[in-house]
Amino acid sequence: MAAPTLAISKLTKQFANTLQPAVREVSLELYDGDILTLLGPSGCGKTTLLRLIAGFEDPDGGAIAINGQTVSGEGQNIPPEQRGVGMVFQDYALFPHLTVAENIAFGLQNGGKLTATTKERIGQVLHLVGLEGLGRRYPYQLSGGQQQRVALARALAPRPALVLLDEPLSNLDVQVRSHLRQELRHILKAAGTSAVFVTHDQEEALAISDWVGVMQGGQLEQLDRPETVYYEPRSRFVAEFVTQGNLIPARREGDFWVTELGAFSLDGPWERPDADLMIRQEQIQLLPDPEGLGVVSDRQFLGREQSYQVQLPSGTALKIRTITHHPLAIGTRVALKIDPFGLRRFPPPTDK
């Protein structure tokens, strides 16, 4: 089997005057042409990990290899410009006094000179990112989405083994962002380039990635395919952050787990008599019922979906997303029907 494009082993980084490492013994492998997204809240370590891969930060322990060559650790510390890595920043980082073509040429490390070979490569990457004919324009003459495509073209122009993208879509408006993330995946796949993408947006991570690495407190909580992360979260944190599901107290009675919403049968071992049951927002169907268990306490119209908050007698507030042509008014009493697919158990939050 070919060596991974990126191999990280027990990578650790701690900044001065901090109690906990920003990155703590992270290990992962990424293979040719795959897209990995590092997902997590602010301060979880994802951007620090990206900077360690790029060479902008030096690790305190562990090793990084790119295409089988150790670039950090084991006595090696290859500078960023020699790692064969392209970088796309949140703020585009284009030179305003250079044209689109000159910006891309600068990425080819020839001082921006437009030689015949350089012009040919510029034409190739402009075609790849859908900006043919715009090589003579300046960044201020482009939209935000077009500027980000130029930044991506500049990163891809030298044919790097790996492209690193640090929240590249966060400065764009919602509509452009949604469109460009699929374009971004298409461009990277067409280029055949492996990529590590950093975001705090769950939907973005699930949509663009071949692999999702969820980070908390400098550690990888879970590294899996997007569907696995969503349907089979390995920890309470992943369940809450990625699925934004409901966690309902449950107690075991024989073969069933009894909750305020009913009793459910779950396979697999569980050593203790209690748990919190994760129910995703889309697993709950609302049915108007004067004798129903819950009361609609809030509703938001999201276009294709309705987002509800339903209050239970215990005081628990459920989050529910559903597609319906007949929205339920606030104050409506409802019965709740649960789809049992993919219910997950987690220890109560008081457990360490």
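Two strands pair if DSSP finds at least two bridges between them. Helices (H or I, at least four residues) and strands (E, at least two) are DSSP runs, numbered from the N terminus. Keep both rules in mind for this talk.

This is a predicted model: local features need pLDDT of at least 70, side-chain atom pairs count only at pLDDT 80 or more, and totals for chains, interfaces and linings use all residues. Residues are numbered from 1 along each chain as its sequence is written, and side-chain values use heavy atoms, with hydrogens and water left out.

First, the overall picture. The protein has eight helices and 21 strands. Its C-alpha atoms fill a box of roughly 75 × 50 × 40 Å, taken along the principal axes. Of its 352 residues, 48% count as buried. Buried means under 20% relative accessible area, exposed means over 50%, and partly exposed is in between, with a 1.4 Å probe and protein chains only. Now contacts, meaning heavy atoms within 4.5 Å. Take those with a separation of 6 or more: residues 24 or more positions apart account for 66% of them.

Next, the strands. Strands of a sheet pair through backbone hydrogen bonds, either parallel or antiparallel. I66 has Q69 in strand 5 as its bridge partner.

Further along the chain, look at strand 17 (residues 294-301). Six bridges join strand 17 to strand 18 (residues 306-311), and the two run antiparallel. D298 has its bridge partner, Q309, in strand 18. The hairpin of strand 17 and strand 18 has four residues between the strands, and G303 there takes a positive phi near 95°. Strand 17 also runs antiparallel to strand 20 (residues 333-338), with two bridges between them. On that side, G294 stands opposite V334.

Now the rings. Rings of Phe, Tyr and Trp (its six-membered ring) pair if their centres lie within 6.5 Å; planes under 30 degrees apart count as stacked, over 60 as edge-to-face and the rest as tilted. That rule gives six aromatic pairs. One is W257 with W270: the ring centres are 6.4 Å apart and the planes stand at 85°, so the pair is edge-to-face. W257 lies in strand 13 (residues 256-259) and W270 in the loop between strand 14 (262-264) and strand 15 (274-279), so the pair ties together parts that are 13 residues apart in sequence. Are these two buried or exposed? W257 is buried, at 2% relative accessibility. W270 is buried too, at 19%. Elsewhere, Y230, Y231 and F341 form one aromatic cluster.

At 42% relative accessibility, E232 counts as partly exposed. Leaving out residues up to four places away in sequence, E232 touches Q222, E227 and R344. The C-alpha atoms of E232 and L343 are 8.8 Å apart, although 111 residues separate the two along the chain.

Last, the spaces. On a 1 Å grid over the protein atoms alone, a cavity is a set of points where a 1.4 Å probe fits but cannot get out, and a pocket is an open set with protein on both sides within 12 Å along at least five of seven lines; lining residues have an atom within 4 Å of a point. Grid points are joined across faces, edges and corners, and a volume is the space filled by probe spheres set on the points.

The largest pocket has a volume of about 680 Å³. It is lined by 15 residues, and the closest to its centre are E203, L206, Y230, E305 and R321. Helix 6 (202-208) and helix 8 (236-243) each supply at least two lining residues. Helix 6 gives the largest share, four residues. By class, this lining has five nonpolar, four polar and six charged residues. Ala, Val, Leu, Ile, Met, Phe, Trp, Tyr, Cys and Pro count as nonpolar, Asp, Glu, Lys and Arg as charged, and the others, Gly among them, as polar.

How many cavities of 30 Å³ or more does the structure hold? One. The largest cavity holds about 50 Å³ of space. Its lining includes V88, Q148, R149 and L152. Seven of the lining residues are nonpolar, one is polar and one is charged.
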